[in-house]
Every structure is written in structure tokens, then in C-alpha cells.
Amino acid sequence: MQPRSFSRTHTGGDHSAGLLSHGIHTNEGEGKRDAAVQPESVEKLQSFENPTMFHNEVHCSQPVTNKNVDIIKIKRIEDIGYAQSESVVLNAFSPDTDARLTSGLYFEDGKRHVDYVLVYQYKKSSRKVLSARHRGSVENRQQEVDIDANMQPSDFPEDDRRLRREEYELNLLDAGLELESDEENDLSCEPSPVMSRANSTDCIQQQGTDDPDQLTKAYGLGFVKIHTPWHVLCREAEFLKIKMPTKKVYEVKQKTGIVSKISNILHKITSPLRPKVEDHDNVTYKHLSYPFSREKKHLFDLSDKDNFFSSTTRSTIVYEILKRTTCTKAKYSMGITSLLASGVYMAAYPLHDGHYRGEATEPNDRKLLYQQWASYGIFYKYQPLDLVRKYFGEKIAFYFAWLGVYTQMLIPASTLGIIVFLYGCATVNENIPSMEMCDDRANITMCPLCDKTCSYWKLSTVCATARASHLFDNPATVFYSIFMALWAAMFLEHWKRCQMRLNYKWDLTGFEEDEERLKDHPRPEYEARVLSKVLKKELQKKEEKPADLVEEQPNKWKNRVLSAMAGVKLTEQEKLTWKDRTPAYITNIVGILFMIGLTFAIVFGVILYRISTAAAMAVSPDAYAKANVRVIVTATAVIINLVVILVLDEVYGAIARWLTILEIPKTDKSFEERLIFKSFLLKFVNAYTPIFYVAFFKGRFTGRPGKYTYIFRNMRMEECAPGGCLMELCIQLSIIMLGKQLIQNNLFEIGVPKLKKLMRYMKAKREAKLETETNCKIPRQYESDYNLEPFAGLTPEYMEMIIQFGFVTLFVASFPLAPLFALLNNVIEIRLDAKKFTSELRRPNPAKSKDVGIWYNILRGLGKFAVIINAFVISFTSDFIPRLVFMYLYSPDMTLNGFTNNTLSYFNVSHFEQGSEPLEPMALGYQVEICRYKDYREPPWSSQPYDLSKEFWSVLAARLAFVIIFQNLVMFMSDFVDWMIPDIPKEISERMSKEKLLMVEMFLKEEQTKLQIVEALSSQDKERTEDSSDECPKEGLAERSDNFAGGGADSSQSHLIKETDMI
């Protein structure tokens, strides 16, 4: 690497055109050359033409007393902010063995911390040619084109990107940032400062090759390190209204009495569960926070300026500067997002604090998070949310806080679900319907399950399925469903209260989304589309205008570029209308409908598989296969559904992103919300369509013996088992839920990042020949971070948890153990995500947020929808309502004795349609005349054979009534819980009010102090005037009158000054 550092400091003075000086120094400290003093605009132009101008030079601030260097003072037009009275020294640094230099966390001077890194790719061969090409002066540019006639056309885009980079970096310098760039050498391997000279020689020998063209054409990576000086931090913190702690502290009201004793006991009990990090929960005093202001610096403790602004705050400030800094080489305003999209820069990211493993690693927040948060061995401990917020920012901290609250709330739900399951196990031998099914003495002969190939069968053969159904289909599941509906409401209310506590604790109470929205910058795709629209309009105007007015067009274009350079963005002058987006909207609607139709088609294909497989296994000679047709068909079909869901999840995620890109949303926030909506819609349909089919459609449209419903004329619709479809629904739900959690959420999250990291390493090793460089240089922090996976946002993390929340709440009546499996998954998920964020991903750009955003509305909608779904599952999928109707309307002794016989109708086998009767009518060893099937219909000997019976209508009415009562009751109870629990805890509300009062008092006292100082100065001035008038000689009335008049004038003037200051 060869460092080049750009650092501009400026002195106060007249606002004239700035001057810049460059000096080139050798490593031995000889050959020092003073550059000619030039106007800044000329210097910028030369920097564009000569990419090696900054090669091997360092600009740094040094004391003026240093006699061994040349000092050149610089005057330039001041940016908004404080002018720092410093000098610029041109100096070449020799390699230093200090750890700060080798870590890559600091500039080459070992003092200035790296706040941000920009990465770009350059072609080494083109860089060499360009170095020779641009040695001439500005006037010789026409001749240079002839010299480079042999240059490949593919090199020109690289030249264009280089020019954009250099202009952008100079604009960053104008904004007050300090830059230092490291690039790879063309033909030699540069050793690290800590490596020995012998290793360097070996490395150079190893890199020798017989094909120099192959080496010079390799691509290299350049790293631009960015440091934010103090005055820029102060300026930007004031612009962004960043809240900082003041010197003013107040005592936090502590709990007293019994509440205090209980709190202390709980704190001692939970102390082993707390991570070994600084605890901010039980603080006695709290600092008042106030938006940073340079005029009120005296309010803040600035004794330690290096640590006053945290690393996340510094990264936020740099990112805001990068987004609003323009690059006009593309003839329109560009920020860092556009430069990244166009390939000018490969990546932009803040640095991690250091390495996270190793005994020799210096203590840092990343290492502490890895040890106390990302370790699987401490899965039982609380999360260090304050440290997560300090290191990653509020948005990521809110995700982990929400995930932690959700996981904690799953504990009571899981406990009660286990109790319900155990209740079903304990009462399975007392369940009368299952006992009747298992009774061989009943000798109930069932009708065939399919045409021709299937024969008659005994009801007792499904004894195991009937007994297993009772584990999940018992009276306790109804009350558990009601509990889970209330649990969802309580979970959301509890989260809102925790959210307000975190807002108060993290000083987000005054943060508004409107303030954040003002900082949203247009996305690069939006800017490009607006530019295309403007150019199209200008082309139309040009065609419409006469020929004599066409020559004025370049001037207008020049004015537009100049306005962009002045900060007037194109997107503020022109916007995309609904007409511009109409094709994208149509494409979105058609695409989403097609994807939903594709999901339905796949589910229908699985249904055909189940029907055909069941018919094929019915004629199988294997007795075991014949006896377990339902279990085998159900299990294999669910596995197919799981594989399809996993594949389509990835496909739908990519399609949702593509459809969102077509819409061209203006801001990242709008893009994220639209992407979330499309992804959730498609993935919800994908994950739950097979489950909805089993719960509400399977067995509803099969018909009856002698008049079945067919698909494609020869495939009969499948029907539920005599015990109902609830057991099959439980199997479907459990396999899909567990499969998604184990395969998609865990294996993909572990394997895919590691695989991508390995592929990037192999690609870099192949292109940049890392097999030789790793022997001579230890990678620095910014190089290690570049090899990590880029942060892709929190949408995938939230999405998998929201889908899981749907599994837990929507069909909990059929699978009470769902909260338990979700709890076990989330315990691992928290540590897995923590490990991914600390060790597998680049450090994300810190983002402020006061909640989880649109995800809360999705959770609330799922909670309401779950009430309706569970009401229908209990009513139409389980046998809970038919049992109640039988007990209270048809049972002679108010028991379930005879319930199984009541749910089975009669069929005369002579009424089979021709060609559908069984091929083996004597399969049971006797001639069958009457068979039974599950339905409420009249017997064949009635006056209206096979019509729906009165029991059917009674059960249907009871089911609908239960849905209405259950839904309204649970909704009312949920709203009551919502009304009873306040969103803001009382103590938090009191503390927020107290902080506002204390802040007002602090400023009032400050104003009173100012008034007292002004009054004191005025009184001193008045006394001084009176003393001077008494000492004057009393030699005439005229002089006394003059002196008196003069004193009165002074007094009046002082009084006027006082009143003016008060105003």
C-alpha cells in the first residue's frame, strides 16, 4: 500500500480565493520540493489531470515551532463552522511499528482515527499508462490524446471513474473532511511496517512472473480513509440536531417501600442473567440531553473531545456529508449512493473497532459484544442492548430489543402450551370418541377411499390417528386459543411500553420522523430517471425551437451544471408523476397476481400428487403401505410443500425487490416500505396456502359415495379421516414451521454468509494474487472489513420472525406446541444474529429510529387476523362444536357415548355409480351391503335418501354462532387489555416531564446569570463615571454643566446597552 493523505486546515481571515500547496518527499527525507502557489481552481484541474499528484505525500498538522519543514499558510473560503487557526505542514512519515499504524484504525500519523472508508477498484495497467499520460501541463492535453492512441477502449470508463472520484474527494475536502488513501503497488508487494526486510525481499522474489502483462492488468483496490475534524463534528451535530448529554444532572426517583424491596430481590435473583457489561438500568443520576449547539458549548462536558462524539455518531455525520456532497462530472448532482450504484466506488462503510478474537487483541466494544452477546454459551443471559445501541445504532438495537421481548413473552405461552399438550396425553384414555373408534366390537365398515382400486376398510384401523388427534383436539385447546389471542394483545402492549422506556433511556423522546424525513436523499435510480425525463423534455424543446435559437442550449446546460454544483439538485426541480410510474404499477399488479396464481397452482399440483399416490398405494402388495396410506401421503406431501416454500421464498424475495425497483421510489424509506409490503404478501401466501387448504378446504367438497366430486373426471377429491383433518393440519404446520426454522433461518444464515465470504476471497485471490501478498503483509482493519458480507438491511431478519409469529398465533388451536418450538428457535436466533453482526457483516451505517416501523402494524394486523382464523379452526376443523351439539341435543345421558355413530352416515353399496365400485368387494372376508362415511346425511331407507340431515344444519348454525361469539368476545377482551395498559409507563412519563422542567429552569437561570452580569457591568460603568465627575476641579458652572451632561450621556448609554442586552 502507498498512503496519500489529503488534509486541509484553514485560518481565519478575509474570504478570498484559497491557495493550496503540494510537496513531494522521499522516504529518506531528501529531495524536498516546494510547489508553486496556485489558485485553488487551477490546482483542482491539475489534480484531475495528474492522478499521481498526491502520490506518497502526507499533509498533516504540526506545531509551528518545527524548523525542519517548510510551512505554508493557506487562506480559503470558509465553510459553515468554526475557522481553525492552524498551519499546514508537508511532511513524509517513515514506517512506524506502533500498533495504531498496523491496525488500520488510524491515519499514518497514528493520531487521527478513521471514521469511514471508501473502497474503489482500479486497473493497474491503466493506472501506469495514465501516470505517464498526464505528466504534461494543462495546455498539452491535445497532444496527450495522440500519445495514448494505443490505449484500449475499455480503459476510458476507468478514466472517467477516476475523474469522478478525484472531484468527489476534493469536494469532501472542501466540506472539511480529512482523507488518506492507500493503493496497491503495481509490480511489488509492499510489506507491512512490522515486517522484516528479509520477508520483503522474499515477497518481491515470489511475486516475480514471466508474464508482466498478466500482473499489470490485474485489478487493485484502493481505500480512502476519512477522518472528521472536531469543528466539522460540531457543525454537523448542530445541523442534524444530535442530542448530547449536558453537564446538568438530576437525581432519578427511586422506588420506595415494598416495591423497592421486591425490585432489589428480583435484581439479585436475576444478576447471574445479566451480561458482564456496564449496567445503565439502575442509575441514580441522569444527564440532561440537549441538541448540540456551538453557541451553547458551555452546557456540554468537552474535556475529552476525542470521545465526546461516539463512533456511531461520527459515522452518521460522515455518511450525511457523503450523501449530500455532489459530483458533477456526470453532468448532474451525485452523492455517494449514486457513485456506489455506478461503480465509481465499490463499497462505503464505517470500520469495526478492531478484531473480536485473540488474547493479544486490545479491548474494544466489538470484542466485548462477541464475548458477552454473540456466544452460544450465554444464551440464558439478557442482551447488552445499551452496548448494541452504542456500537450499531438505534435501529438495529430496536430489532434485538423487540426480538428479546418477543422471546421472553413466548415463555408463558410455551409453558401453557405444554400444559395443554400434557392434558391431552393424560385424558387420551378417557376420550370416548377415540375409544369408540378403537373398539373392534363395533364392527363399523367404512366406504372405499377411492374408486375401483380401494376396498372397504374397518374404522378401527385408524385407532392410532384418532388417539393422536385428541392430544391437540380437546377442550383445553379452545381456552388456549383465547389465551393466545389475549397474549398477542398483551405482547404488543408490553412492547410499546418497553419501546417508550428505550426511547427515554436513549434520548429519543424528541426525535420525530419528520426530522429524519428531511434528511432522506433521493435514491440514485430516482435521480437517473429524473435526469432522463429532463433530457427528454429538453430534446423535445430543442426540436420545436427554430434553428437560430439552438445555439443557446449549451449555455443553459452550463447553467444547470453550475446550479447542481451550487447544491440545487435536479430532483428538487423535477419529479416523477403517476403517469411516469403507470407501467411499473401495472407490472407490479400483474406480477403479484401471477406469483399468487403460481403458488395456488403448486398447491393444486401437490393435491394431485396426494390423490394419485393414495390410489397407487391402495393397490400396493405391501401390507404396511396399505395400512399407513394417510400417514405416508401426508408426510411426503408436506415435505414437498416445504421444499417448494423454501425455494419460492428466495424467488419471491428477488421478484419483490425487482418489482419495487421498477416503481422507482424516491427515498430509501419509501423503497423499504414498499419492498416489505410485497415481500410479506408473497411470502405469507407462499407459507400459509398449503396450511389453509388442509384447515378449511380439504374434505369440504368431496361429495358422497355414489356422487363424488372429481378432478379431470377420474381423480376423486380427497377427504379427511374419520377423526377430522386437525391431526393432518398439526403435521403440516409442525413440519413446515420446524423445517423453515432449521433450514432457512439457521442453516442459510450460517452457511450462505460463509460461502459468499469464501467466494469473495477466492475471487480476490485469483484477481489480485493474494497467495503471494498474504506472505508479506498483515491485512489491516479496513481490508478485513471489506472482505466481510455487506449489510443488506433488517428486512430478512424481521420477515422470518413475522412469519414465525403467524405460525404461533394463526393456527395455535391445532398445534399448542408451536410457541415452544418458536422459543427454542429464538434463543438460538438471537445469538446467531449477534454473531453474524459482530463477525460476519461489515459494520452497518448507524440509523436512528424510535420504533420498529411498519412491522408493528403488520404484527397488529396478524394478531387481529389470528382471532378470526382460530375461531374458524375450532368451529370447522376440529370436532369441538359437533361434540357440544351432540351432548346437549342428541345424547340421552349428556355424554359423548354414541358420538362416533352419530357422525357417520349410511350408504347402500348397490347405489355406486357404474365403474366406481371396488374391484375386490370381498376384501374383508364377507359381503358388504351397507358401508359408512363421515357426513350428516339421511340414510338410504329414508324418504329423502342422502340429503343433508337436520343434524348438519344444527351443527352448522352452532359453528357460525361460535365464530361470531368467539371473535367478538376475544376482540373485546383484546381492546380492553389495550385500554387498560397505558402505552407510556407512569414513571417514564414523570421523568420526561421533569426533564422538560429542568431544561427550562436551566435556560432561565442561564438568562438570569447573563442579566446579572450585564447589570454588574453597567453599575461598574456608572460608578466609574460618577467617580471621574467628582474628581474634576469645580472651576466654573459651565465646566460642571459639561461634566454633568457628559456623565448623564454615559449613564444613558450604559442603560441603553443594558436594556438592549435584556431584549
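Which handedness does the link of Cys447 and Cys931 have, right-handed or left-handed? With 85 degrees about the S-S bond, that link is right-handed.

## Basis of the model

This is a predicted model, in which local features need pLDDT of at least 70, side-chain atom pairs count only at pLDDT 80 or more, and totals for chains, interfaces and linings use all residues. Residues are numbered from 1 along each chain as its sequence is written, and side-chain values use heavy atoms, with hydrogens and water left out.

## Cys447 and Cys931

The structure holds two disulfides (a disulfide is a pair of cysteine sulfur atoms within 2.5 Å). In the one formed by Cys447 and Cys931, the sulfur atoms are 1.9 Å apart. This pair links distant parts of the chain, 484 residues apart: Cys447 is in the loop between strand 15 (445-446) and strand 16 (457-458), and Cys931 is in strand 22 (residues 930-934). Helices (H or I, at least four residues) and strands (E, at least two) are DSSP runs, numbered from the N terminus.

Cys447 has 4% relative accessibility and therefore counts as buried; Cys931, at 0%, also counts as buried. Buried means under 20% relative accessible area, exposed over 50%, and partly exposed in between (1.4 Å probe, protein chains only).

## Cys438 and Cys463

Cys438 and Cys463 form a disulfide with sulfur atoms 1.8 Å apart. The torsion about their S-S bond is about 95 degrees, so this disulfide is right-handed. Cys438 lies in helix 16 (residues 432-438) and Cys463 in helix 17 (residues 463-472), so the pair ties together parts 25 residues apart in sequence. Cys438 counts as partly exposed because its relative accessibility is 21%.
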